[in-house]
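Have the sequence and the 3D view open side by side.

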Protein chains: 2
Amino acid sequence: MTPNTDSIWFTEMCKEGGSAFSLQIREKLHEEKTAFQHIEIYSTTHFGNLMVIDGFVMLTALDNFLYHEMMSHPALFTHPDPKRVVIIGGGDCGTLREVLRHPGVRQVTQIDIDERVTRLSETYFPELCESNDDPRAELLFIDGIKWMQQAEAASIDVIIVDSTDPIGPGEVLFSEEFYRACHDALRPDGLIVQQSESPLLHRALLKRIRHDMVSAGFAGTRTLQFPQPVYPGGWWSATMAMSLSAWPEPRYAEMEKIAGMRYFNRAIFDASLALPAFMTEE
Amino acid sequence: MTPNTDSIWFTEMCKEGGSAFSLQIREKLHEEKTAFQHIEIYSTTHFGNLMVIDGFVMLTALDNFLYHEMMSHPALFTHPDPKRVVIIGGGDCGTLREVLRHPGVRQVTQIDIDERVTRLSETYFPELCESNDDPRAELLFIDGIKWMQQAEAASIDVIIVDSTDPIGPGEVLFSEEFYRACHDALRPDGLIVQQSESPLLHRALLKRIRHDMVSAGFAGTRTLQFPQPVYPGGWWSATMAMSLSAWPEPRYAEMEKIAGMRYFNRAIFDASLALPAFMTEE
């Protein structure tokens, strides 16, 4: 597994997939142990800057637009009129930036337990933080689960769970108990979206998320799928859930009106909801 | 880049992407130098059997269905009535199997220069070769470019270029000259589809393919995109071209009638044609 001894590589193993993904490194820019996790920042040869948390690739400058756009726009355009948005996790601020593209959004609260993620993102991924000073943005660095459990009932339109993998600090964000707190904090027509790993390599987890969201009180779920080269298998998913028994008509006309997206558009919205044959059978 | 010294890994580097993909190996099942290339077969821990040619991952048992279904069904369901199909490359016979699912197809000629690929596929990927004895299938082991240059004019409905990467023996299959030979061998309503690498990492190549196909006489092109975890970046594309000035209505009703597909369905057909914002801008 050492293809070229003249070059330096960062490698993330995916144990449950028997696979690994590597990026060629120019230099390590930063490394620290925070109160919560181990963060590394590298400069790569082809993917721009890279953030790694506890050995897992979080994002690169080259391809994070895929993930951040798909974590925000499908949910926001499915909701009839999202004004109050909460992001759990998302400390790199890329999802926050996408949410703030929506002129109808009045307030976005981003709650990441680790302030260091945001401070390092400001330094090494400034383009993701360019909307942090938007007066509609509120950045909190506290426990997102506790915050959600204490949130005012029926006060939020869209909850985006932009978390790490379901191991370590992110694990509790993949639980029926957390979904129930989200369900109660959402308005009756509100919706939640959570990153839900690889459609190919994490099929059991995807099923469990859908099951747990319904057990927590949501009426139904929808799976979104999209490419994400730096995550295991290069193919990723998010799961949306809503309390209404019928999904509203997405606001297609407005999808064309918001500028700045590099992946998302109306056709991609529909495409992301198309389920492969093996998933519709499940 | 040695994540675990107790395990054995196969690694493919993508030089032009500064990335690498690795699969954990149980054992090497076979290795040989043929007259044309170097073939290795491995048993992996999670992806089933793996075929490697000249150091590049060709396919694994786990995820080849994505590629093979997308190389065949979108083109075959776009053509109004494909009867005569030619596959250039495709020696593992996975594309052949998919094409033969279509009852209207009367003859499929697969032309791979290296017979050893097919013989090894029969041994290590028998599921891909289960239709090789279909009376409609013809397997030739000769130079596909010469064959195409000598093919009867206007005699083929669909040409599928299921080739290796545009380096080594596959390089000549990515040329205007080859596309012109294909154009002349196709009936007026015929179409060609070719694997065209990663939408993210090989954008210049994708552009060149589209350009060269039009220079060779085709009226227009369409890009298909789909996940393919074992190829660089995990996100892959194919490019279709046709001589008619308007694309025919795809045969949607018949997409539901053919059994055995694990990825492709009607919704996935449409989804594969949805272009990301950054591609529509190009």
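Two residues are in contact if their C-beta atoms, placed from the backbone, lie within 7 Å. By that rule, and leaving out residues up to four places away in sequence, Ile159(B) touches Val86(B), Ile88(B), Cys182(B), Leu186(B) and Ile192(B). This is a predicted model, where local features need pLDDT of at least 70 and side-chain atom pairs count only at pLDDT 80 or more, while totals for chains, interfaces and linings use all residues. Residues are numbered from 1 along each chain as its sequence is written, and chains are lettered from A and ligands numbered from 1 in the order in which they are written.

A nonpolar core is a set of buried Ala, Val, Leu, Ile, Met, Phe, Trp, Tyr and Cys residues joined through C-beta atoms within 7 Å. Buried means that 20 or more other C-beta atoms lie within 10 Å of the residue's own; exposed means 12 or fewer, and partly exposed is in between, with C-beta atoms placed from the backbone. The largest nonpolar core has 168 residues, and Ile159(A) and Ile159(B) touch the most other members. In soluble globular proteins, nonpolar side chains tend to be buried together.

Now take chain A as a whole. Buried residues make up 52% of its 282 residues. Its C-alpha trace spans about 55 × 45 × 35 Å along the principal axes. The radius of gyration is taken over C-alpha atoms, and the globule rule is 2.2 Å times the number of residues to the power 0.38. For 282 residues a compact globule would come near 19 Å; chain A has 18 Å, so the two agree. Helices (H or I, at least four residues) and strands (E, at least two) are DSSP runs, numbered from the N terminus. Chain A has nine helices and twelve strands.

Chain A splits into domain 1 (8-60) and domain 2 (64-280), with bounds from an automatic or database domain assignment. Their contact takes 23 residues from domain 1 of chain A and 19 residues from domain 2 of chain A. The C-alpha centres of these two domains lie 23 Å apart.

Next, turn to strand E4 (residues 49-53) of chain B. E4(B) runs antiparallel to strand E3 (residues 38-44) of chain B, with five bridges, and Glu40(B) stands opposite Val52(B). The hairpin of E3(B) and E4(B) has four residues between the strands, and Gly48(B) in the turn has a positive phi of about 70 degrees. Four bridges join E4(B) to strand E5 (residues 56-60) of chain B, again antiparallel. Here two residues lie between the strands, and Asp54(B) takes a positive phi near 50 degrees.

Finally, where do the chains meet? In all, 40 residues of chain B are in contact with 40 residues of chain A. E2(B) gives the most to the chain B side, with six residues. That side has 23 nonpolar, 14 polar and three charged residues; Ala, Val, Leu, Ile, Met, Phe, Trp, Tyr, Cys and Pro count as nonpolar, Asp, Glu, Lys and Arg as charged, and the others, Gly among them, as polar. E2(A) and E2(B) run antiparallel, joined by five bridges. Phe21(A) has Phe21(B) as its bridge partner in E2(B).

Methods: Pairing = 2+ DSSP bridges.
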